[in-house]
Amino acid sequence: MERIAAFEKVSREQFRKDWTDTFPDSSVEEADRIYDELRLPERATRGSAGYDFYTPLAITLQPGEMIKIPTGIRARMKEGWVLLCFPRSGLGFRFRMQLNNTVGVIDSDYCDSDNEGHIFVRITNDSKDGKVMSIPYQGGFVQGIFMPFGITEDDCAKEARNGGFGSTGV
């Protein structure tokens, strides 16, 4: 298999800013402790396509509740590749856990954005059976799969990315 990417933590400063923006009741010390304990995504087995992302906090969501999670992770990858993020299969099956943007699309140039390519995940417990979803601290909750992609013969995109959602004007 071709090795095309690497996961890294964003800088401590970027994580601290994003964590305290997302969870305003958190202290800088708490954000630093969480940062020190972040786990990089990894595959569970040799045959796994997906790299499991781990929660930096314990999560409990009632049906219909959602949470935005700063993962502290970014992905450096070769041009021509994309990281697609999906719910872990078991969580989707048991709780109808959804990513709020359906599929997370992490472009190869996102890593160099002003926010250091910090990957955020917003999930919802979409249970129709009244099930409370609990994910333990550092439990796997999302899986990322690297995929190659092509472009059209007449493609002329030349703009550089600077940001995440909506940064390309849409």
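Modeller: Rings of Phe, Tyr and Trp (its six-membered ring) pair if their centres lie within 6.5 Å, and their planes count as stacked under 30 degrees apart, edge-to-face over 60 and tilted for the rest. This is a predicted model, in which local features need pLDDT of at least 70 and side-chain atom pairs count only at pLDDT 80 or more, whereas totals for chains, interfaces and linings use all residues. Residues are numbered from 1 along each chain as its sequence is written, and side-chain values use heavy atoms, with hydrogens and water left out.

The aromatic cluster consists of Phe-7, Tyr-51, Phe-53 and Phe-146, and the structure as a whole holds seven aromatic pairs. In one of these, the ring centres of Phe-7 and Phe-146 are 5.5 Å apart and the planes meet at 45°, so the pair is tilted. Because Phe-7 belongs to strand 1 and Phe-146 to strand 11 (residues 140-148), this pair ties together parts that are 139 residues apart in sequence; strands here are DSSP runs of E, at least two residues long, numbered from the N terminus. Both Phe-7 and Phe-146 are buried, a word that stands for under 20% relative accessible area with a 1.4 Å probe, protein chains only.

Ala-5 has Met-77 of strand 5 as its bridge partner, and in strand 5 (residues 73-77) four of the five residues are buried.

Notes:
Buried means under 20% relative accessible area, exposed over 50%, partly exposed in between (1.4 Å probe, protein chains only). Two strands pair if DSSP finds at least two bridges between them.
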